[in-house]
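Trainee: I have just opened a new structure, and I would like to learn how to read it. Could we go through it together?

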Amino acid sequence: MGKKLTRSDLRIRRLLPIWAPLGLTFLLLSGGTPVINAAINRLPGVAQEEELAAFALLLGMAVLLQSPLFVCREIAIRLSVDRAGSRQALRVCLAASVVVSGLELLLGLTPLGSMVLSLFTENTAIVDRAHGAVAYLSPMPLFVAVRGVYQAHQIRVDDTLFVGAGTLLRLAATAVIGFVFGPTLGMSGAELGTLCMVSGAGIEMLFAVGRARISARPPEHAPAGTVRIDPWRFAIPLMIANSLGVASSVFYLKLTGAVPADQQANSFAAFQEVRSLQWLLVSGAVALQSLTTAKVQTRADAIAMLRFGVAVSGVLTVGFAVCATVPSFRHAILVDMLGEVSGGDAFLMASSAIVVAAAMPLFQGVRFVLRGVLISRGQTGVITVGTVTTLLMLSTALSFGFVFFDLNGALNAYIWWAITLNVEIAILARAVFGAPSRPSGIPIPIRTPRETSAG
């Protein structure tokens, strides 16, 4: 896969400038939602609370439906050993995007969408606002799929600075549409949020395609002896695993709400405050999956990449731990920055949950490196097994009431999150280091031009 690596290629000093723009990319992606929230809050003549609630509902549905496409980068990195493999990756990702777009149109244009949205709230006004914008999401899966394939080409040749530049351009476009044009368009909050997301994704896709065609075209022929795996048997388990992983957020919300009714509001508020901080710091760990998929070729590479992942995610965890355990920092974040009432129930719950959440960057960093190793080997079925195992654990905990604290649901959710992450890490680590690697699916030998002409 890709160019021949040397040991110096996988040292921290070499990997850090490649990883940093990818980490920034995921950080900027998570920063898009607050920008849209702020734009919705500035819409004239609307009820901001209902508009924000409708957009939150719409965004949750969009993330869940489009989650299979979030691994298009890794799919393309692994399959694009040559131009034929790149075309295979593009076909797989485009096919998945067509299915997702069809689901979005079905939900947006039929009463089925209202029925699904009503599962999350009984407020019909919020459901109607969200439902009115679902169909407008339908172009976005195409943009996400194509963007992922072409960004994969950039990552393969270490052109990650321009991956980050494309995401920065997307964020700028989101801000311009939301703040400059939004108040004059006469749209609802959900519709404006959808326009920002779709337009931003389209601009980022065009940037990725243009940049990749200049700097990162796949080779015409794969290196001699390269074995290409079956694209569908490789991609489908990975897409399913990613969808199930995103769906697990529902289980953590259920655990958060598994407290007496008079404490549920405080519990949810605490969980939301901590989660927003966690995802900002975990964004750098998420970037490790794409980088690992592109770089790892041997067992020694996997060990070197794991060492790098522990180093960078460990630094993030130490920073998070300082914020979580030093009272002045914790107060500055939860009270001064996020506006919680000092000494209130939500503040006390968040103060406990944030201590457990501080370990998340390290856990997620190790997890995403191991996932990247398995993706590079084509063993995506193992990732699905790990995800299903964690979902079964969460289902059991909810069914039998296995919680640790009766009143602090946010802390319950984070304790279970930490437990399930470590179980998943154990499953992935056993597959990576416990047995010789073998590709999943049907291996397809790639003949060189000389072999073809001889045959």
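Trainee: How many of the residues of H7 are buried?

Mentor: Keep in mind that this is a predicted model. In H7, 16 of the 17 residues are buried, so the helix is mostly covered.

Trainee: What span should I expect for helix H7?

Mentor: Start with the general idea: an α-helix has 3.6 residues a turn, so residues three or four places apart point the same way. Helix H7 takes in residues 140-156, and at 1.5 Å a residue its 17 residues should span 24 Å. The C-alpha atoms at its ends are 24 Å apart, which agrees.

Trainee: And what is the phi of Asp-158, which follows H7?

Mentor: The phi of Asp-158 is positive, near 65 degrees.

Trainee: How many disulfides are there?

Mentor: A disulfide needs two cysteine sulfur atoms within 2.5 Å. By this rule the count is 0. Take Cys-93: its nearest cysteine sulfur belongs to Cys-72 and lies 3.2 Å away, so Cys-93 is in no disulfide.

Trainee: Is Cys-93 buried or exposed?

Mentor: Buried means under 20% relative accessible area. Cys-93 has 0%, so it is buried. Cys-196 also counts as buried, at 0% relative accessibility.

Trainee: What does the whole chain look like?

Mentor: The chain has 18 helices and 2 strands. Of its 455 residues, 51% count as buried. The chain exposes about 19400 Å², and carbon and sulfur atoms supply 67% of that area. As for contacts between residues at least 6 apart in sequence, 83% join residues at least 24 apart.

Definitions and conventions:
Residues numbered from 1 in each chain as written. Predicted model: local features only at pLDDT ≥ 70, side-chain atom pairs only at ≥ 80, totals over all residues. Heavy atoms only, no water. Helix = DSSP H or I, 4+ residues; strand = E, 2+ residues; numbered from the N terminus. Expected span 1.5 Å × (residues − 1). Buried < 20%, exposed > 50% of the residue type's maximum accessible area, 1.4 Å probe, protein only. Contact = heavy atoms within 4.5 Å. Areas by Shrake-Rupley, 256 points an atom, 1.4 Å probe, with all protein chains shown as cover.
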